[in-house]
Amino acid sequence: MSEESSQAAAAPLLTARFFLMCGFTFTVFLSLFQLLPTAPFRILDLGGSRAVAGLFLGMLTYASALSAPVTGALADRIGKRRMLLVTSFAIAGFSLAYAASRSYWLPLVLVFFHGLFWSGLLSASSAYMTEVIPEARRAEGIGYWGMATMLATAISPGIGLWIYQRGWVWLCLGTTLLNLVMAAIAWRLPPDTVLAARMSHDRLSAGGLVEWRVVAVTIALFLCSFGYGGIMSFVAVRSDELGIAPRSIFFIAFALTVVVTRLYSGRLADRVGHRRFLLPCLALVTLGLTLTALARTRMQLVGAACVFGLGFGSQYPAFVGHVMKFVDRNRRGAAFGGILAAFDTGIGTGSIGVGAMAERLGFGPAFGVAAALSAFSIPYFLWAEKRFLVAHGESRETAGEAPRA
């Protein structure tokens with residue numbers, strides 16, 4: 001190992017800035033996952049159908065996916081910290097607007113514009129975190145950072161559903177307050193590096209906003225995130241239908257599984273190889289979705305959530321760790337924008353598709369279709385990796401640079 005590689009491997013991971021970003025991300029998803037499981041109930045209460053209820057998450061993620069390549073590059077240019085501040089305040093405004101809605105169509109209009117700012121927030125926070133995490137510990141760092149998301153996911157739906165019983169307005173006011181806390185945390189973050197801003201300006205001047213190779217490979221995650229979108233929108237409704245309490249039991253089991261496994265999964269992925277670690281994770285996603293489709297009891301649903309969480313929660317750090325080996329340092333914003341675009345397209349399509357199928361066939365068959373779709377993720381990834389990554393350039397390791405993951 002070279003001296004540069006040794007220094008990278010020895011660089012501290014758990015710094016003050018790392019924990020500050022974890023706090024920001026926890027607050028982001030604490031707010032969002034109070035809204036996502038309750039919005040379908042709100043739409044149903046206002047007279048919308050299941051298919052219309054699925055449009056809420058679908059519109060959010062489609063808007064995010066369409067804008068992510070641009071907002072990711074824009075965050076590099078104007079500053080990631082500044083982008084986090086702007087988007088936090090903007091999303092607080094949308095939360096207040098949701099509180100005033102008296103027709104189920106108004107949230108569907110608002111959520112599209114919400115998604116535009118959401119993509120900027122996600123792209124900026126991901127790109128900012130790449131400056132915080134040592135390159136040789138990328139999967140480990142992303143895994144630990146993702147635990148903030150999973151902890152929020154574990155507790156947010158239950159909190160949101162409990163608050164919703166006391167009124168939609170109270171729920172929206174609570175998320176508004178959390179959005180303002182996000183802005184306060186972003187204000188405390190150190191500014192971006194000058195180097196990153198200069199690089200992004202050059203990239204925008206050249207007109208190369210999108211890393212299409214990364215988008216093409218990320219379609220493998222699209223095939224998995226389709227099922228994730230359907231579950232996030234409707235597993236609470238499905239629990240109600242089956243008489244399973246509490247409604248948030250799937251979210252709790254899923255999130256706790258991810259939190260526990262991420263204590264070691266990122267480090268294991270860095271050690272055994274990101275690609276080798278990723279493939280079993282994709283298989284576990286398919287198995288988890290299949291078990292969710294077949295679940296009829298509380299224990300079966302909890303088991304399905306654990307299997308799904310084991311695969312879905314571990315695949316993203318390994319995927320990012322592997323793909324970033326083929327991406328230039330000055331293309332990280334564009335690369336994360338591409339990943340977010342494909343990933344969110346899958347979530348949005350899954351939310352809309354599962355809602356439409358459930359309206360006609362029921363939730364069991366709808367989740368079954370999601371499982372069948374995810375089964376294609378492994379063969380597609382193996383083909384796309386060879387076609388779009390290996391065939392178009394060597395990884396940083398094989399090109400003679402210090403390993404980045």
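**Reading a predicted helical chain**

Tutor: Helices (H or I, at least four residues) and strands (E, at least two) are DSSP runs, numbered from the N terminus. This is a predicted model, in which local features need pLDDT of at least 70 and side-chain atom pairs count only at pLDDT 80 or more, while totals for chains, interfaces and linings use all residues. Residues are numbered from 1 along each chain as its sequence is written, and side-chain values use heavy atoms, with hydrogens and water left out.

Student: How many helices and strands are there in the chain?

Tutor: The chain has 17 helices and zero strands.

Student: Which residues is Ala 304 in contact with, leaving aside its neighbours within four places in sequence?

Tutor: Contact means heavy atoms within 4.5 Å. With those neighbours set aside, Ala 304 is in contact with Phe 250, Gly 288, Leu 291 and Thr 292. Thr 292 is twelve residues away in sequence, and the C-alpha to C-alpha distance is 5.2 Å. For the chain as a whole, take the contacts between residues at least 6 apart in sequence: 88% of them join residues at least 24 apart.

Student: What separates the C-alpha atoms of Pro 69 and Phe 336?

Tutor: Along the chain they are 267 residues apart, yet their C-alpha atoms are separated by 7.8 Å. Pro 69 belongs to helix 4 (residues 50-78) and is buried, at 10% relative accessible area.

Student: How many residues has helix 6, and what span does it reach?

Tutor: The expected span of a helix is 1.5 Å times one less than its number of residues. Helix 6 (residues 105-132) has 28 residues and reaches 41 Å from first C-alpha to last, close to the expected 40 Å. Of those 28 residues, 20 are buried, so helix 6 is largely enclosed by the rest of the structure.

Student: Which residues of the largest nonpolar core touch the most other members?

Tutor: A nonpolar core is a set of buried Ala, Val, Leu, Ile, Met, Phe, Trp, Tyr and Cys residues joined through side-chain atoms within 4.5 Å. The largest one has 126 residues, and those touching the most other members are Phe 18, Phe 56, Tyr 98, Trp 118, Leu 121, Phe 254 and Phe 308. Helix 10 supplies the largest share of this core, 16 residues. Not counting residues up to four places away in sequence, Leu 121 touches several others, including Phe 24, Val 28 and Met 182.

Student: Where is Pro 246?

Tutor: Pro 246 is in the loop between helix 10 (212-242) and helix 11 (249-261). The peptide bond joining Ala 245 and Pro 246 is cis, with omega about -5°.

Student: Where does Ser 265 lie, then?

Tutor: Ser 265 is in helix 12 (residues 265-272). With 4% relative accessibility, Ser 265 counts as buried. Residues up to four places away in sequence aside, Ser 265 touches Phe 277 and Ser 314.

Note on methods:
Buried < 20%, exposed > 50% of the residue type's maximum accessible area, 1.4 Å probe, protein only.
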